[in-house]
Amino acid sequence: MKVLICGGAGYIGSHMVRELVRAEHDVLVFDNFSTGHRAAIGSVPLYLGDLLQPADIDQMLSAFRPQLVMHFAARSLVAESVADPALYYDNNVGGVHNLLQGMRRHGVNRLVFSSTAAVYGQPMTPQITESHPTSPINPYGRSKLFAERIIEDHCSAYGVRAAVLRYFNAAGADISGDLGEAHEPETHLLPNLLRVAAGRVSRIKLFGNDFDTPDGFCVRDFIHVSDLSNAHLLAAKALEDANLPAFQCYNLGNGTGFSVIEVLRAAEEITARPIPWDLAPRRNGDPAVLVASAEKAHRLLGWQPRLPELKTIIETAWRWHQAPRY
């Protein structure tokens, strides 16, 4: 299959590229390198362009003529979205709209879209299913939900078939050790813990220990980035099943929560190094518990995480952080 990966040089996008190459698909990366890394995609063909430029989209689609598009080209920092919401609506909503318009012009009607649990807002149940109300509490979550609605409307009106994958806490790195998570600034818990363990940062802040959880720290569901990539492949295959709706939505997570301090202790065990930390006030909008129900993906896609154990996720990330390539 000919697959276009928008945002393929980023953390999750580059792991998707690796998964597709291993499965012997024909892949083209479309990226503007605002956050991605050229080294993350190796020798995979690249089109340097921007989803905010319709001419770039037309040139790329005309030249490559993909059968499937995967979209990972979103900005994803909550604090940044609060400080500069227009940036998020331009990129995360406008970029998706431009892409869908280009797909219509060039007769491409299959899309797998990277979304987020942030569309749900404050959880109302211990495990979140796809039927949970969507009430995002920040511009990042709202921008992704708006993009989902645009995609759903295109499925209803223009013959597009799309899968939206809402994932929880992506973590880990490719088992090879040569592909990992490299953001600047880094806001995710696990890479920040491992930066301390590797000696590149002296300490880490943990935000709040007064949550309604067994140890007072907030609880999160961590899913290995390669398991996310595998789910995208299965979702793409499911788009060809006429018995499924044209617009499909799936949660991706392990269904098990770990507190922030449990993750820190596990990282100390895996790295055999102390990770000094300071307690900071909890951040506005942080829910106490955020755990996915991925039953729908298990049932309809046949998806099962291959690397579900927290220690395995940390081990793969640590392999990368000891010798990052970019």
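This is a predicted model: local features need pLDDT of at least 70, side-chain atom pairs count only at pLDDT 80 or more; totals for chains, interfaces and linings use all residues.
1. Start with the pair in the question. Helices α6 and α8 pack with their axes 10 Å apart, at an angle of about 40°.

2. Now see who does the touching. From α6 come L189, L190, L193, L194 and A197, and they meet V260, V263, L264, A267 and T271 of α8. Sort this contact by class and you get nine nonpolar residues, one polar and no charged ones.

3. Next, take α6 with α10. Here the axes are 10 Å apart and the helices pack at about 50°. That makes α6 oblique to α10. In this pair, α6 passes α10 in a right-handed crossing.

4. The α6 side of that contact is L190, P191, L194, R195 and A197, while α10 brings I313, I314, A317, W318 and H321. By class, the contact of α6 with α10 divides into eight nonpolar residues, one polar and one charged.

5. The last pair is α8, residues 260-271, with α10, residues 310-322. Their axes come within 10 Å and cross at roughly 55°, and α8 and α10 are therefore oblique to each other. This crossing is right-handed as well: look at how α8 passes α10.

6. For the residues, find V263, A266, A267, E269, I270 and T271 on α8, then L310, K311, I314, E315 and W318 on α10. The contact of α8 with α10 has seven nonpolar residues, one polar and three charged. If you're colouring by class, E269, K311 and E315 are part of this contact.

7. The largest cavity holds about 40 Å³ of space.

8. To find that cavity on screen, select its lining: G172, A173, G180, E181, L190, P191, L194, A317, W320 and H321. Two elements give two or more residues to this lining, namely α6 (189-197) and α10. By class, the lining of the largest cavity has six nonpolar residues, three polar and one charged.

9. Which residues does a cis peptide bond join? They are E184 and P185, with an omega of about 5°. To place P185, go to the loop between β7 (169-171) and α6.

10. One more backbone spot to look at is R65. This residue has a positive phi of about 50° although it is not a glycine. You'll find R65 in the loop between α2 (54-64) and β4 (68-71).

11. A quick recap for your own notes. The angles were about 40° for α6 with α8, about 50° for α6 with α10 and roughly 55° for α8 with α10. As for the cavity, α6 and α10 are the elements that give two or more residues to its lining.

Conventions
Residues are numbered from 1 along each chain as its sequence is written. Side-chain values use heavy atoms; hydrogens and water are left out. Axes are lines fitted to C-alpha atoms, for helices over the stretch in contact, and angles run from 0 to 180 degrees between N-to-C directions. Helices (H or I, at least four residues) and strands (E, at least two) are DSSP runs, numbered from the N terminus. Angles under 35 degrees count as roughly parallel, over 145 as roughly antiparallel, 65 to 115 as roughly perpendicular and the rest as oblique. A crossing is left-handed if the near helix is turned anticlockwise from the far one by less than a right angle, and right-handed if clockwise. Contact means heavy atoms within 4.5 Å. Ala, Val, Leu, Ile, Met, Phe, Trp, Tyr, Cys and Pro count as nonpolar, Asp, Glu, Lys and Arg as charged, and the others, Gly among them, as polar. On a 1 Å grid over the protein atoms alone, a cavity is a set of points where a 1.4 Å probe fits but cannot get out, and a pocket is an open set with protein on both sides within 12 Å along at least five of seven lines; lining residues have an atom within 4 Å of a point. Grid points are joined across faces, edges and corners, and a volume is the space filled by probe spheres set on the points.
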